[in-house]
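Hello,

Here is the structure I promised to pass on to you. Please open it next to this email, and then read on for what turned up in it.

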Amino acid sequence: MSKPVAFLWETFSRIAFTPVNKGTKSTIFAALDPTIREKPEEFKGKYIIPPGKIGKPVPQSQDLERAKELRAFSDERIKEWDIALGDV
């Protein structure tokens with residue numbers, strides 16, 4: 001890869017992608033923070049954003065028709081790729 005292309009790719013990557021150490025914060029918070037167990041009703045069914053705050057999901061995530069389409073697509077891929085549910 002040439003230097004100009006590498007520079008552009010690195011710049012794009014910094015803007016477009018979240019580093020692993022930042023992207024995992026919400027998952028780790030949800031799995032390990034005692035606040036979740038102390039106040040489960042506050043977090044149940046909520047969208048958690050870093051650093052451990054309740055965020056507002058994008059409207060598309062609340063669209064029942066989209067959810068059904070995603071489920072159907074996922075089920076088709078599972079059958080197509082012959083994945084047993086125990087493998088996932």
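Arg77 forms a salt bridge with Glu76, and their closest N and O atoms are 3.7 Å apart. Please keep in mind that this is a predicted model. Glu76 has a relative accessibility of 45%, so it counts as partly exposed. Arg77, at 18%, counts as buried because buried means under 20% relative accessible area.

How many salt bridges does the structure hold? There are five. In general, side chains of opposite charge can pair when their charged atoms come close. Here are two further examples, each within a helix:

- Glu10 and Arg14 meet through their side chains at 3.8 Å, N to O. Both lie in helix α1, four residues apart, which is about one turn of the helix. Glu10 is partly exposed at 45% relative accessibility, and Arg14 is exposed at 61%.
- Glu65 and Lys68 form a salt bridge, also listed at 3.8 Å, N to O. Both belong to helix α6 and are three residues apart, again about one turn of the helix. Glu65 is partly exposed at 47% relative accessibility, and Lys68 is partly exposed at 48%.

Next, have a look at the aromatic residues. A pair of aromatic rings is described by the distance of the centres and the angle of the planes. The count comes to four aromatic pairs. In one of them, the rings of Trp9 and Phe17 have centres 6.3 Å apart and planes at 55°, so this pair is tilted. In another, the rings of Phe12 and Phe17 have centres 5.7 Å apart and planes at 85°, so this pair is edge-to-face. Ring pairs link Trp9, Phe12 and Phe17 into a cluster.

Where is Phe17 found? Phe17 is in the loop between α1 (3-16) and α2 (20-23). Together, Trp9, Phe12 and Phe17 form a nonpolar patch on the surface, with about 350 Å² of accessible area.

Two more places deserve a click. One is Gly52, in the loop between β1 (47-49) and β2 (53-55). Gly52 counts as buried, with 17% relative accessibility. Leaving aside residues up to four places away in sequence, Gly52 touches Phe29 and Phe43.

Most residues other than glycine have a negative phi. Asp82, however, has a positive phi of about 55° although it is not a glycine. Asp82 counts as exposed, at 68% relative accessibility.

Happy exploring, and write back with any questions!

Technical notes
Residues numbered from 1 in each chain as written. Predicted model: local features only at pLDDT ≥ 70, side-chain atom pairs only at ≥ 80, totals over all residues. Heavy atoms only, no water. Patch = residues over 30% accessible without salt bridge, like charges linked within 9 Å, V, L, I, M, F, W, Y side chains within 5 Å. Areas by Shrake-Rupley, 256 points an atom, 1.4 Å probe, with all protein chains shown as cover. Salt bridge = Lys/Arg side-chain N within 4 Å of Asp/Glu carboxyl O. Helix = DSSP H or I, 4+ residues; strand = E, 2+ residues; numbered from the N terminus. Phe/Tyr/Trp six-rings, centres within 6.5 Å; stacked < 30°, edge-to-face > 60°. Buried < 20%, exposed > 50% of the residue type's maximum accessible area, 1.4 Å probe, protein only. Contact = heavy atoms within 4.5 Å.
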